[in-house]
Amino acid sequence: MRKLFFILLSLSLLSNYSCDDGDIITVELEFEDTFEACGESDLVLYKTKEDPSESLSVLITNYSLEDILEVGADNTFNEEKSATFYYRTYNDASLPNDLFCSEIPPNVNIVSDDNSACTAEINTILVEDDNDGILAQLEDINGNGDLEDDDTDGDGLPNYIDADDDGDNILTASENPDPNGDGDLSDAQDTDGDNIPDYLDNDDDGDGVLTRDEENDSQNNNPGNDITDSDVGADYLNPEVNTTVPATAYREHTIIRSYVVTITLFNIDDLGSISYDEYDFGILKDSEIPSTYKSRKITPDFN
Ligand SMILES: [Ca+2]
Ligand SMILES: [Ca+2]
Ligand SMILES: [Ca+2]
Ligand SMILES: [Ca+2]
């Protein structure tokens, strides 16, 4: 009898300790920072975890991923939307991949299903880069901290998004700006030794003929495949060959685009066992960004 009394006392102490302010049990959410997205006309943002199986999701009606990725001239987007926040727990060891947005909901055993109105603040930042092997900050040629006013070839594309910085129709990545890849450009290739690295030099061999106009063999706006003496290499790197065959256009440039989308939820009023008033929902997974958004192509006007 004494033993039973102690067990009952322990149970009552245990239940007191697990409660906080009356009968509200607070649940600590332990999800990863990243979330996924789906939905055609109504946007669903979600994340799941296992052991135990739980999901968090946010529904924003009459909204789409495209709306969120439509950045303004400053490459940012910010908006607050009315949304519904869901917290579900499941009695399944693992959750199916089509848990959200499938026409036929998958067969899962939901244990609890709470939701609350909230405000979702969406923040999007787009960063562009040329992936030319030079860090963007090292393309600040005049060193004034502004990447937008460095345009070596004057083609309208600042160097940090210009994959051919000197406009010689040889891509910067092919002009060895950082031969050993250590981020220090002091060893950049300088074929004619004029102290202007090839990637910023529009006459790489110093023969007086612009690199882009050394189109002796094939007139395809690529001097890389015009080779008179195979022992020396391409004519634009051979000062002994100085025939002018003018280029007619710049090559097409590819600009790589990376989006950082973050969501914060405010004004969460009642979500059952969840006592958050504000919740940092995290960062949209890069794999959720449609491939068509991940780059843009442009051919600068020839001048
Ligand atoms: Ca440029
Ligand atoms: Ca560049
Ligand atoms: Ca060059
Ligand atoms: Ca030459």
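Tutor: Let's go from the whole chain down to single residues. It's a predicted model, where local features need pLDDT of at least 70, side-chain atom pairs count only at pLDDT 80 or more, and totals for chains, interfaces and linings use all residues. Residues are numbered from 1 along each chain as its sequence is written, while chains are lettered from A and ligands numbered from 1 in the order in which they are written.

Student: Okay, how many helices and strands are in the protein chain?

Tutor: Two helices and eight strands. These are DSSP runs numbered from the N terminus: helices are H or I with at least four residues, strands are E with at least two. Along the sequence the pattern reads α-β-β-β-α-β-β-β-β-β.

Student: What about its radius of gyration?

Tutor: The protein chain has 30 Å, whereas a compact globule of 303 residues would be near 19 Å. That's taken over C-alpha atoms, and the globule rule is 2.2 Å times the number of residues to the power 0.38. The C-alpha atoms fill a box of roughly 105 × 45 × 40 Å along the principal axes.

Student: And how much of the chain counts as buried?

Tutor: 27% of the 303 residues. Buried means 20 or more other C-beta atoms within 10 Å of a residue's own, exposed means 12 or fewer, and partly exposed is in between, with C-beta atoms placed from the backbone.

Student: Let's switch to β1. Which strands does β1 pair with?

Tutor: β1 (residues 34-38) runs parallel to β7 (residues 279-284), joined by two bridges. It also pairs with β2 (residues 43-49) in the antiparallel sense over three bridges. Strands pair if DSSP finds at least two bridges between them.

Student: Which residues stand opposite each other there?

Tutor: F35 stands opposite L284 in β7, and A37 stands opposite L45 in β2. F35 and A37 make up the covered face of β1, with T34, E36 and C38 on the uncovered one.

Student: What does G39 do in the hairpin?

Tutor: G39 takes a positive phi near 115 degrees, and the hairpin of β1 and β2 has four residues between the strands.

Student: Where's the cis peptide bond?

Tutor: Between D51 and P52, with omega about -5 degrees. P52 sits in the loop between β2 and β3 (54-60). Most peptide bonds are trans.

Student: Last one: why does N75 count as partly exposed?

Tutor: Because N75 has 13 C-beta neighbours inside 10 Å. N75 lies in the loop between α2 (65-69) and β4 (76-90), and its phi is positive, near 60 degrees.
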